[in-house]
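Hi,

Here is the structure I promised to pass on. Have a look at it first, and then read my notes below.

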Amino acid sequence: MFIFDSLSLVFLFLIALGTVPNLFYSFGYAKDIKRKIYYHIHYFGFIISMIGVVVSNNLFLFLFFWELMSLTSWQLILTDPEKKSTKDAAKFYFFMTHLGFIFLLLLFLIVSNGNLDIDFNSAKDIAKDFAYPTLLFFFMIFGFLSKAGVVPFHVWLPYAHPEAPSAVSALMSGVMLKVAIYGLFRFLFDVLYPWPLEWGIVILILGALSSLVGVLYALSEHDIKALLANHSIENIGIILIGFGMGMIFDALGLKDLSAFAFIAALFHTFNHMSFKSLLFMSAGSVLHQTHTKNMEKYGGLIKSMPVTAITFLLASISISALPPSNGFLSEWMIFQSLLSSNSITHVALKISIPFAVFALALTGGLAIACFVKAYGITFLGTSRSQNAKHARESNFLMQSGMVLMSFVVVSLMLFTPFFIKLFDKVTQGLHGVSIYHSIFKDGFLSIHSISDNGGVVSPVILLLALLVIVFILFFVYKSLKLPVRVKNSWACGYKVSTRTQYSATGFAGPIRRFFSWLYKPKEHFEKQIIYGHDTKFETALYEVHIEPLFEKSLYKGAKSITNKISYLVYRLAHFEQSRYSAIIFNLMLSVLFGYRIFAHQFSWANITLEVIILIISIKILIIGDKK
Amino acid sequence: MSFVYYIFSIIFLVLLSPLVLSFIKSFKMRLLYKKPASLFQGYRNFAKLFSKEIILSKEASTITKIAPFLVLSPLVLILFFLPPIFSGSFYIGFVDAFTITGLLALSTFFLMLLGLDGGNSFGGIGSSREAFISSLSEPAMILTVFTISLMANNLGIAKAAINLNNHFPFTHMASFTFATISFFILLLCETGRIPIDNPETHLELTMVHEAMILDLSGAYLGIIEMASSIKFIIFASMFASLFMPFGLGLNPFLSLAVFIAKIFMIALAVAFVETNMAKLRLFKVPNLLGIAIVFAFLSLISFYVLGGNA
């Protein structure tokens, strides 16, 4: 019924690390929630369902907890259902998560032969006999990755996460997305194991695409929680890059490299849990005090909210993959496994992997830009609104939640060998090789890349060296005993005020302009000019709105196509009876043909012939001659 | 002895860095038929800045007080990881492109925060532009250094430089040339030289780096200036060791002389580029960086197609 192998335990550990600091934060946060009992029932139900997913060894139980997880999180988004945007977001989330659920259900029904009450091992035997394993693979990635928020199923994240209470967004982004990654691990390792090379390439491409799309849309956001939600898309993409490399290496028979890549992916899963929870908590604390999600209304909060500011800075450094943070270490490992592609003999594959290197590096660069924006606009400078001016530090419970989570972030950096040992156990279950001793060749201080002539990095030594240098510099500076005077900011003679300060929109301006082919921004500019002088104006307003490309093309496009088709059907409804019977005849024909193709034999010639017959009969019987 | 060489080369690089920047400046002035500034102007500036009073902005927070140290210290740390100058010298051979780029990015991250801390619009301009440029230069940097380390058959920068010096990969001359072009563009970009940023301007239309530090004064400004000169020497030294891989096997004095000659050759090239080119418009900068990225890709692909080392 339940399973406690190393994979389950690792993810159980992840849930524990993500949940315990969140409990403190949530109790601090719940003081302002009106429907407390409602909130707490769903909150704990959500946590229990996530634990249930990672320990169940029964397809039915897995599906039950999975659905419970979706439903409780959906209800948690609706904790404060007064606003219309909250209701819309919840509706969208409900739809998207059940779209994934349908695919998951299909997958489960196929691999269990209709009887869901079996465990993963028996599912493996049934899956082995199924004629179209790639179909199973696609059902699986649709099902799990729509929950994880991978392009093109990522559209719900920037809506659902901002509307949920901050403790819940931290859980959803930090832990729930990882449960989807667990599903991917569990199914690929235990049910669909020997996979072809192409599956790994699909995962790698999806990962590279998600990481770029996530960070680019994060840059254009000025709702702080939507920005963080977009970064979740990016980080899930980075995890999938590692995961895809692991699959590619495994399909090529390079067991050690594959284990290294999977360990890197798992490590990034943990790291993303830690810093993304911390970021959502700090952002929630800012939101709690200023009562707005709009970054343009923040500013100067570092003076009034020091604990929040420091924890946010720590998490920003970590998510931007700056050394020696834990985010850097896992990205370094993923990077090293991409570079190990040197030992692939397949030249076409070898040449295309540098594009993933490029995507990862560009993502890193843009993430730095994005977090300079998020941190600088929120916490530095002067306050841009009255709300920000009167903000105070959040309550003690929320602070302790954030501080606990920063301990998790720091310990992921300091105790890397311990975590890698855990992850090594997981990959050992798949390949049977332990690479812990090849990663930590000489002691626990430095992490070695597994490939020949690979790189080495040592987080502890880097951190110590940086600290020592900073202290020496600081000591030298202090010993100079220079006088300090406090005066106004120097802005070349211009006045420094909140209105001349840089805004979040302005900060991302150059990048937005460079990527305007992707963003297609809709600009809105309004100014009241004085006496007809074009350059002199009393007030000016500049707004820019970006509609995400995927939402516009895939989702709205699908909607308009459905509308058009239903209009055509509506027009058909006014025909005479003979046409109705013709439609029924065609429907039967297509069902028969379809059944023959999928259930019996598959040949392109037959399919072409049948499609032609169908088209002719539709043309003659239904559409008829033009009048 | 080898450790003495190691410590000596780090101190030597730190001491050399103001001289190189002053040399570029005075050589540029000579090319423009101006009376050149003294070669020791850099040292004089530092002496002056470190004895002046510091003026802090009213809006400035703790970030202004700690950021200058965090801008300088990652760059100082990189100095410890650079390829050796002398043949018998101790070196830390394993540090790879991703770590070096990460340390550079850490320094830039705090510099950009510093720009936003004063609350004035100039700092914002500078940070925003720097964020734009550095985010696009990071992939080029990683790809280029990755290619050169593949050619040298070792991902560690210092080890790669020694390998290149000992067995130069003549079969991969094309890849090597492409990587050199790409890295030279990156050198200009990362150190804020003319086609990308103008180090001497104080006009809001053109400045990037100077805008971020407009609000600083005294020792804090001195630390940031020191950081930018050390950044130049890091890039010059990486270019000299990785892309002009010769002269390491000679006796210590000769190899030091060869190294200094290489550094000043790079400085001369930068000065010529600066006097002969106009600063690019901000939105043309990605084109130049795009060239760097394309050359890095070309270099990698031609390396793989020609067989590689594996």
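A quick word on terms before the tour: the domain bounds used here come from an automatic or database domain assignment. Also keep in mind that this is a predicted model.

With that in mind, chain A splits into domain 1 (6-438), domain 2 (504-549) and domain 3 (552-623). If you take the centres over C-alpha atoms, domain 1 of chain A and domain 2 of chain A sit 33 Å apart. They do touch, with 11 residues from domain 1 of chain A and 11 residues from domain 2 of chain A taking part in the contact. On the domain 1 side, the elements of chain A that give two or more residues are helix H9 (197-219) and helix H15 (347-379). That side of domain 1 of chain A is made up of 7 nonpolar, 2 polar and 2 charged residues.

Now for the two chains together.

E1(B) pairs with strand E3 (residues 484-487) of chain A in the parallel sense, over 4 bridges. To pick out one of the partners, look for Val484(A), whose bridge partner in E1(B) is Ile54(B).

Last stop, a pair of helices inside chain A. Two packed helices are described by the angle between their axes and the distance between the axes. For helix H11 (residues 255-290) and helix H14 (residues 326-339) of chain A, the angle is about 155 degrees and the axes are 8 Å apart. Angles over 145 degrees count as roughly antiparallel, so H11(A) is roughly antiparallel to H14(A). The crossing of H11(A) past H14(A) is left-handed. By class, the contact of H11(A) with H14(A) has 9 nonpolar, 7 polar and 1 charged residues.

Happy browsing!

Notes:
Residues are numbered from 1 along each chain as its sequence is written. Chains are lettered from A and ligands numbered from 1 in the order in which they are written. This is a predicted model: local features need pLDDT of at least 70, side-chain atom pairs count only at pLDDT 80 or more; totals for chains, interfaces and linings use all residues. Two residues are in contact if their C-beta atoms, placed from the backbone, lie within 7 Å. Ala, Val, Leu, Ile, Met, Phe, Trp, Tyr, Cys and Pro count as nonpolar, Asp, Glu, Lys and Arg as charged, and the others, Gly among them, as polar. Two strands pair if DSSP finds at least two bridges between them. Axes are lines fitted to C-alpha atoms, for helices over the stretch in contact, and angles run from 0 to 180 degrees between N-to-C directions. Angles under 35 degrees count as roughly parallel, over 145 as roughly antiparallel, 65 to 115 as roughly perpendicular and the rest as oblique. A crossing is left-handed if the near helix is turned anticlockwise from the far one by less than a right angle, and right-handed if clockwise.
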